[in-house]
Amino acid sequence: MSTASLRRDHELIEKVIKAMESTIQLLNDGKQIPESILLPVIDFTKNFTDVCHHSKEENSLFPALEQAGMPRHMGPIAMMLIDHERSREIGKEMEVSAKNYILTGDSTKLITYMQQYVEHITEHLWKENNKLFMMAEARLQYVSKKVDMELNEIEESKLKETGKTREHYEQLAETLTRDVSKQGN
């Protein structure tokens, strides 16, 4: 089905979100978080969530929905585009605050922006999983193979641009989960 690839992305994003939640708790508890955890989180949010996943939606799913009669400038597509832009804004602030934290040890802004990102992305994924994707599956059943092929091509192309693979990001999520849990001990 047309949303299978996107749902797999969501599962991967949710793993990183869980690691981010644990990182926030550790920062709140006064623990030091190393660059080896923070920089992969930033890489993932920028290059996988935004560049790869959002591109798949913006360049394939949304145009297919438009062709199926869903308006772009209002309703679900418009809301998702606004959400994508907001996640980019929060992501940029999170990156700046992570670099500042690495330099100064001040975690105040990093905690704030990580928390905003976690809350925003969690809500966004819920809207897509429980609303938009259901609409897409109903409206795109006749073109699902075409959309599936486009989604795969976009993922391959966007990840190639970053010099990374899906497997890299799957391993990154596993490593983050493990490393963050070690920080708590």
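Which residues does serine 60 touch, not counting residues up to four places away in sequence? Serine 60 touches Ser55, Val147, Glu150, Leu151 and Ile154, where contact means heavy atoms within 4.5 Å. This is a predicted model: local features need pLDDT of at least 70, side-chain atom pairs count only at pLDDT 80 or more, and totals for chains, interfaces and linings use all residues. Residues are numbered from 1 along each chain as its sequence is written, and side-chain values use heavy atoms, with hydrogens and water left out.

**Overall architecture**

- The protein chain has six helices and zero strands. Helices (H or I, at least four residues) and strands (E, at least two) are DSSP runs, numbered from the N terminus.
- Read from the N terminus, the element order is α-α-α-α-α-α.
- Along the principal axes, the C-alpha atoms fill a box of roughly 55 × 30 × 25 Å.
- Take the contacts between residues at least 6 apart in sequence: 82% of them join residues at least 24 apart.

**Surface and charge**

- Of the 185 residues, 45% count as buried. Buried means under 20% relative accessible area, exposed means over 50%, and partly exposed lies in between (1.4 Å probe, protein chains only).
- The accessible surface of the protein chain is about 9,500 Å². Carbon and sulfur atoms account for 52% of that surface. Areas come from the Shrake-Rupley method with a 1.4 Å probe; for residues, only the protein chains shown count as cover.
- The protein chain carries 24 positive and 31 negative charges, and their mean positions are 1 Å apart. Lys and Arg count as positive and Asp and Glu as negative, while His and the chain ends are not counted. Each charge is placed at NZ of Lys, CZ of Arg, CG of Asp or CD of Glu.

**Aromatic cluster**

- A search of the whole structure finds three aromatic pairs. One of them joins phenylalanine 44 and phenylalanine 48, which are stacked at 5.1 Å centre to centre with 25 degrees between the planes. Rings of Phe, Tyr and Trp (its six-membered ring) pair if their centres lie within 6.5 Å; planes under 30 degrees apart count as stacked, over 60 as edge-to-face and the rest as tilted.
- Both phenylalanine 44 and phenylalanine 48 sit in helix α2 (residues 35-67), four residues apart, about one turn of the helix.
- Phenylalanine 44 is buried, because its relative accessible area is 1%. Phenylalanine 48 is at 0%, so it counts as buried.
- Phenylalanine 48 also pairs with tyrosine 169: the ring centres are 5.6 Å apart and the planes stand at 45 degrees, so the pair is tilted.
- That pair links distant parts of the chain, with phenylalanine 48 in helix α2 and tyrosine 169 in helix α6 (residues 166-183), 121 residues apart.
- Tyrosine 169 has 0% relative accessibility and therefore counts as buried.
- Phe44, Phe48 and Tyr169 form one aromatic cluster.

- Serine 60 belongs to helix α2. Its relative accessible area is 1%, so serine 60 is buried.
- Histidine 54 is also placed in helix α2. At 1% relative accessibility, histidine 54 is buried.
- Not counting residues up to four places away in sequence, histidine 54 touches Thr49, His84, Ser87, Arg88 and His124.
- Histidine 54 and glutamate 85 are 31 residues apart in sequence, with their C-alpha atoms 9.8 Å apart.
- Serine 87 lies in helix α3. It is buried, with a relative accessible area of 4%.
- Leaving aside neighbours within four places in sequence, serine 87 is in contact with His54, Tyr117, His120 and Ile121.

- Methionine 79 is in helix α3 (residues 75-104). Its relative accessibility is 39%, so methionine 79 counts as partly exposed.
- Methionine 79 and glutamate 66 are 13 residues apart in sequence and 14 Å apart, C-alpha to C-alpha.
- Glutamate 11 is in helix α1 (residues 4-28). At 52% relative accessible area, glutamate 11 is exposed.
- Glutamate 11 and lysine 92 are 81 residues apart along the chain, and 23 Å separates their C-alpha atoms.
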